[in-house]
Amino acid sequence: MLFQDVISRWPMILNGVGLTIVLSFVAIGLGLVLATLMSALRSLAGSWAGYVVDAYVELMRNTPFLVQLFMIFFGLPQLGIRMNGLEASLLAMTLNLAAYATEIIRAGVDSIHKSQVEAGLALAMSRRQVFQYVILQPAFARVWPALSSQFVLMMLASSICSFVSVQELSGTAAIIEADTFRSFETYIVVTVIYLVLALSVKLALNWLGRRIFPQVSGLARVTEAHGEAA
Amino acid sequence: MQTFGWPEAYFILRAASWTLALTAIAFVIGSIIGGVFAIMRLSRVKLLRQIAAGYILVVQSIPVLMVLFMSYYGLSAAGIELPPFLAASASLAIYASAYLAEIWRGSIESVPRQQWEASASLALTTPQQYRYVILPQALRISLPPTVGFLVQLVKNTSIVQVVGFVDLMRAGMLVNNATYQAFQIFTLVAAIYFAICFPLSRLSRHLEKVMNASRSH
């Protein structure tokens, strides 16, 4: 085993790691905003909006991420919408994550008891205020563990973006492998990096959850929708 | 230039059977490995518990793509040549085993502790306790999440096309390379995946409801 051929390309690997992190976090941020909007639409707007959101969520959750990515990268240009691999990856990851996050947030929203909403309305809070303070914030706090495992899964799924020639971590691995012919060494190094990344992101998100939602740490949390991959 | 028509659609549809075959094989092998790890994870021996926990943690924290590359390119560089179908099923089985182990550990743990105590007081050995008391109950509890995981497994088979195995996804890509009508082709591919996954998703949700109803009585 000759690891030095692989290790000596560390600037490339570091670039790949950076792109994986940036890609994941931007997609997670945008996806979360989109998911929050869709959850609000489900709760506040009429039932047709709820059906549209549900249909979107089912569609995304029941097709592979790779097909979604290819649809955006190869399919949309036929309709005149052209983007490069990075843009297509970002869009696919955001849309995919948004669907899963909407489903997870829904579990949290469903866990808020109706009497809480009635209490909020009785205190003369507006429907928007009730949604924000009585429904959304506690719901988020409860589903944070499920959301963070979904974020980690999204980061791992970003490896699939190498199929549209994005030079993130696994794309970089393919280049190094082609350069050095040291496949096993390359993939061991990259796999270990993914492992370290996933575990640190998991720890960081747990810490963040305790910081943002201190009032519920220790309380029972909704941890369903666990272990769903893209 | 070739255009996307019925023969191409039929070719894609036929390839879907390979996706199903791959899912089935990965599920069966993954179940066996996953079952062993689930029971190891609950063993009284600390070392066995730690090995199982480590295995589950590592496999769940790396991309399936890396498992696939390691077993295909990695082993072939090391002199062990795996045919694409074998490499694909092996890596998907490894992936499935970690998730199934975790699902089943949870199911076994949610069987009330009194069941263990009662069966122990009837002088059953640990294998007998599992066989006659715990597993039949755990199986019921595990059914909804296991079916739900099958959806993830079907979707993740789409990445095995990198090693050249012609599954549903690969068939779509091959037709796309010949016809350049990506939008129609990937709509069809997505529709077939949806037709496989959506009923499974609904079944999982239905089972969950049935189980909840029976537990609340």
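## Overall form of chain A

The structure is a predicted model. Chain A contains 9 helices and 0 strands, and its elements follow the pattern α-α-α-α-α-α-α-α-α along the sequence. Along the principal axes, the C-alpha atoms of chain A fill a box of roughly 70 × 45 × 25 Å.

Of the 230 residues in chain A, 47% count as buried. When contacts in chain A between residues at least 6 apart in sequence are considered, 81% of them join residues at least 24 apart.

## Contact between chains A and B

The contact draws 31 residues from chain A and 32 residues from chain B. On the side of chain A that touches chain B, helix 3 (47-61), helix 4 (65-75), helix 8 and helix 9 of chain A each supply at least two residues. The most is given by helix 9 of chain A, with 9 residues. By residue class, the side of chain A that touches chain B divides into 18 nonpolar, 9 polar and 4 charged residues.

## Helix 3 of chain B

Helix 3 of chain B comprises residues 64-77, 14 residues in total. From its first C-alpha to its last, helix 3 of chain B reaches 19 Å, which is close to the 20 Å expected at 1.5 Å a residue. Just after helix 3 of chain B, Gly79(B) adopts a positive phi of about 100°.

How many of the 14 residues of helix 3 of chain B are buried? The count is 11, and the helix is mostly covered.

## Positive phi angles in loops of chain A

Most residues other than glycine have a negative phi. Two residues of chain A may be set against that background. Ser165(A), in the loop between helix 7 (127-157) and helix 8 (169-180) of chain A, has a phi near 55°, a positive value in a residue other than glycine. Phe181(A), in the loop between helix 8 and helix 9 (183-212) of chain A, has a positive phi of about 60° although it is not a glycine.

## Val210(B) in helix 8 of chain B

Val210(B) is found in helix 8 of chain B, which covers residues 182-216. Because it has 13 C-beta neighbours inside 10 Å, Val210(B) counts as partly exposed. Val210(B) and Gln161(B) are separated by 49 residues in sequence, and their C-alpha atoms lie 37 Å apart in space.

How values were computed. Residues are numbered from 1 along each chain as its sequence is written. Chains are lettered from A and ligands numbered from 1 in the order in which they are written. This is a predicted model: local features need pLDDT of at least 70, side-chain atom pairs count only at pLDDT 80 or more; totals for chains, interfaces and linings use all residues. Helices (H or I, at least four residues) and strands (E, at least two) are DSSP runs, numbered from the N terminus. A residue is buried if 20 or more other C-beta atoms lie within 10 Å of its own, exposed if 12 or fewer, and partly exposed in between; C-beta atoms are placed from the backbone. The expected span of a helix is 1.5 Å times one less than its number of residues. Two residues are in contact if their C-beta atoms, placed from the backbone, lie within 7 Å. Ala, Val, Leu, Ile, Met, Phe, Trp, Tyr, Cys and Pro count as nonpolar, Asp, Glu, Lys and Arg as charged, and the others, Gly among them, as polar.
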